[in-house]
Structures are given as structure tokens and as C-alpha cells.
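Here is a quick tour for anyone meeting this structure for the first time. Have a look at it, then read on.

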Amino acid sequence: MTVLYFAHARRATGISDEKIPLSTSLSTTEFWDLIVQRHPTLEALRTSSRLARENDFLRADDRIEPDHEIAIIPPVSGG
Amino acid sequence: MDIEIVISEAVIVPPVFCVNAGVGALAEFTGTVRGEENGEPISALVYEAYPAMAEPVMRRLLNELSTAHSCIAVRVQHRTGIIRVGEAAIHIAVRAKHRAPAFALLAAFMDRLKQDVPIWKIDTLS
């Protein structure tokens with residue numbers, strides 16, 4: 001899967017995107033566990049950020065497949 | 001409802017609209033950068049967007065809101081990058097037959113934008 005990091009998530013990780021090989025699908029909880037393991041600084045954003053795919057926010061019970069592109073969306077502040 | 005959305009680093013210059021015969025209201029909002037953030041003086045804000053998602057989310061929100069607030073056209077321009085104090089970060093223009101739906105759609109859209117559109121103030125410059 002590909003993970004996109006924006007705003008505070010990009011700052012926390014130091015990267016804007018990365019590819020992470022997956023052999024199976026993940027729950028959103030498993031996704032966060034994996035991402036925080038790779039980037040412990042994301043723990044602070046875990047509860048406040050949302051996940052998005054194809055321009056929609058994911059629901060808690062959505063599955064993430066190996067070919068998905070997932071964006072981490074920290075709390076927004078436009079306008 | 002016609003929708004035009006622009007997300008770019010270009011300075012926002014509110015356009016002059018030619019209002020057609022069916023339009024009885026043109027409601028505009030310009031959001032500008034204040035000289036302070038969290039009580040501290042600043043010279044600019046830095047905005048970042050995820051344009052590939054922000055544009056379709058804005059369009060979806062406007063289409064949803066137009067079912068309750070019937071308007072003719074909306075134009076949204078959101079600036080990204082460094083925006084200095086006094087400059088516009090966002091400009092919205094709503095054209096409608098009557099003023100009530102124009103005001104209502106504009107206010108409701110700003111509320112939803114601040115909840116769901118992936119645009120961020122990522123830094124302040126002093």
C-alpha cells in the first residue's frame with residue numbers, strides 16, 4: 001500500500017509518502033498500529049487524525065487492501 | 001448549481017461578476033489573515049492542501065448543501081503557501097435567486113470546510 005502524509009503528519013514522519021508492502025488486508029486499527037510502529041511520532045496524531053482513500057474518509061470498520069493508497073488527514077484548519 | 005473551485009498559491013483577487021437576470025443575490029465572503037495567532041503577533045500564515053481530495057470534497061459538500069439552500073452558482077478560491085497579514089486565504093461567491101439561500105449556503109459551507117476539507121494552516125511566520 002501507499003501512505004500519504006500531510007501537514008503535521010508529514011512533519012512528524014519527515015516524509016510525504018511511502019510504500020509499505022502488505023501481504024494481507026488490514027483493519028484501520030491494524031493500520032495505525034503498523035504506522036505508529038514505523039513512525040512513533042505519529043502516536044500523538046493517532047486519535048485526532050482521520051484516514052482517507054479515493055477522496056472519502058474511511059469508516060472504522062473499513063479494510064485496507066495491499067493496493068490501496070491511504071492518506072493520513074490530521075485535523076483540518078482551512079478557511 | 002454551477003460550481004467553480006480554485007486551489008492555488010495565486011493571490012486572491014475577488015472577481016467582478018456579471019450578474020444575470022435570474023440572480024437576485026450575490027453573497028461574498030473573504031477570509032483574511034489576521035495579525036495574530038493564539039495571541040501572538042504574526043506576519044503570515046502558511047497553508048497546505050491535499051488538492052486531489054480537497055477539490056472533490058468541496059464539490060460534494062456544495063452539492064449536498066444546495067439541496068437545502070437552492071443557489072445558482074458558487075465560486076470558491078482557496079489560497080495555499082505563504083499568505084501575509086491582510087491577504088485573503090479564501091474567497092467565496094454565491095449567486096442565488098434570493099438572499100436567504102445565498103447567505104445560508106455560504107455560512108454552512110464555511111462550517112463544513114473547517115471540519116472536512118483537507119487544508120491546513122501548517123505554520124506561522126513572525
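In chain B, strand E6 (residues 73–79) and E8(B) run antiparallel and are joined by six bridges. Two strands count as paired if DSSP finds at least two bridges between them, and strands (E, at least two residues) and helices (H or I, at least four) are DSSP runs numbered from the N terminus. This is a predicted model, in which local features need pLDDT of at least 70 and side-chain atom pairs count only at pLDDT 80 or more, while totals for chains, interfaces and linings use all residues. Residues are numbered from 1 along each chain as its sequence is written, with chains lettered from A and ligands numbered from 1 in the order in which they are written.

More on E8(B):
- Across from B:Ala93 in E8(B) you'll find B:Arg75.
- E8(B) also pairs with strand E2 (residues 25–32) of chain B, antiparallel and over eight bridges.
- B:His91 in E8(B) is the bridge partner of B:Thr30.
- Eight of the nine residues of E8(B) are buried (20 or more other C-beta atoms within 10 Å of their own, with C-beta atoms placed from the backbone).

Helix H1 of chain B:
- H1(B) has 18 residues and spans 26 Å from first C-alpha to last, close to the 26 Å expected (1.5 Å times one less than its number of residues).
- Among its buried residues are B:Met53, B:Glu55 and B:Leu65.

Where the chains meet:
- Chain B brings 19 residues to the contact and chain A brings eleven (C-beta atoms, placed from the backbone, within 7 Å).
- On chain B's side, helix H1 (51–68), strand E8 (88–96), helix H2 (99–116) and strand E9 (119–125) each supply at least two residues.

Technical notes. Two residues are in contact if their C-beta atoms, placed from the backbone, lie within 7 Å. A residue is buried if 20 or more other C-beta atoms lie within 10 Å of its own, exposed if 12 or fewer, and partly exposed in between; C-beta atoms are placed from the backbone.
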